[in-house]
Amino acid sequence: MPSPRRTARQADLLERLVTLFTAEGFASFTLDDVAERLRCSKTTLYQLAGSKQDLVREAVKHYFRGAAEAVEKSVAETVDPADRVQVYLTAVAEQLSPLSRAFLDDMAQFRPARDVYEANTRLAADRLRQLIAEGVRAGAFRDVHAAFVGEVAAATMRQIQLGEVGTRTGLTDSEAYEQLASLIVHSVTS
């Protein structure tokens, strides 16, 4: 559904832009390339954002906004605290899995896009802290220091986001989140 600021055509164009960038990255594209690939004019692209940099940032924000909504929908359908943590991190992994290495590398190199990813990583870490604290209060988890577990998870999430975990382990971002989910659930329920 288009946002109040966008027409249906613009919303469709943004979706196609996200699909293009997440599959192939964005650093090597010029605005002419993007317009040609999306079969639109540069003027039409400028209606979405005022520059290529703004267009990239808008596409990245749009992707992560949709990903966050999908993750929260998965969590909302889950009751058990351990399952909620597992579902949350697994859903994050699922949302990251379609992102190409080119896209992740381009995000790491382009500050406005990296800022969006970092902000989403911070929000995810905060949400994870909340889920752990809820599990401790409900008696489903051992009496762990939820803020500390959350901080350890947040540090790992930042390393995943920066590509450090992948470099050291060979795991994709998605696979690393799956491993983090397993580690956290087992550590708080054992």
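**Packing of helices α5 and α7**

In this predicted model, helix α5 crosses α7 in a left-handed sense, the near helix being turned anticlockwise from the far one by less than a right angle. The contact (heavy atoms within 4.5 Å) is formed by Pro81, Arg84, Val85, Tyr88, Leu89 and Leu96 on α5, and on α7 by residues including Tyr117, Leu123, Leu128, Ile132 and Glu134. By class, the residues of this contact comprise 11 nonpolar, 1 polar and 3 charged. The axes of α5 (residues 81-96) and α7 (residues 111-137) lie 8 Å apart at an angle of about 165°, and α5 is therefore roughly antiparallel to α7, a term applied to angles over 145 degrees.

The largest nonpolar core contains 64 residues, of which Phe21, Leu45, Val85, Leu89, Met107, Ile132 and Ile184 touch the most other members; such a core is a set of buried Ala, Val, Leu, Ile, Met, Phe, Trp, Tyr and Cys residues joined through side-chain atoms within 4.5 Å. The greatest contribution to this core comes from α7, with 10 residues. With neighbours within four places in sequence left aside, Ile184 contacts Val85, Leu89, Leu128, Ile132, Val149 and Ala153.

The secondary structure of the chain consists of 10 helices and 0 strands, and 47% of its 190 residues are buried, that is, under 20% relative accessible area with a 1.4 Å probe.

Residues are numbered from 1 along each chain as its sequence is written, and side-chain values use heavy atoms, with hydrogens and water left out. For this predicted model, local features need pLDDT of at least 70 and side-chain atom pairs count only at pLDDT 80 or more, whereas totals for chains, interfaces and linings use all residues.

How values were computed:
Axes fitted to C-alpha atoms, helices over the stretch in contact; angles between N-to-C directions. Helix = DSSP H or I, 4+ residues; strand = E, 2+ residues; numbered from the N terminus. Parallel < 35°, antiparallel > 145°, perpendicular 65-115°, else oblique. Nonpolar A, V, L, I, M, F, W, Y, C, P; charged D, E, K, R; others polar. Buried < 20%, exposed > 50% of the residue type's maximum accessible area, 1.4 Å probe, protein only.
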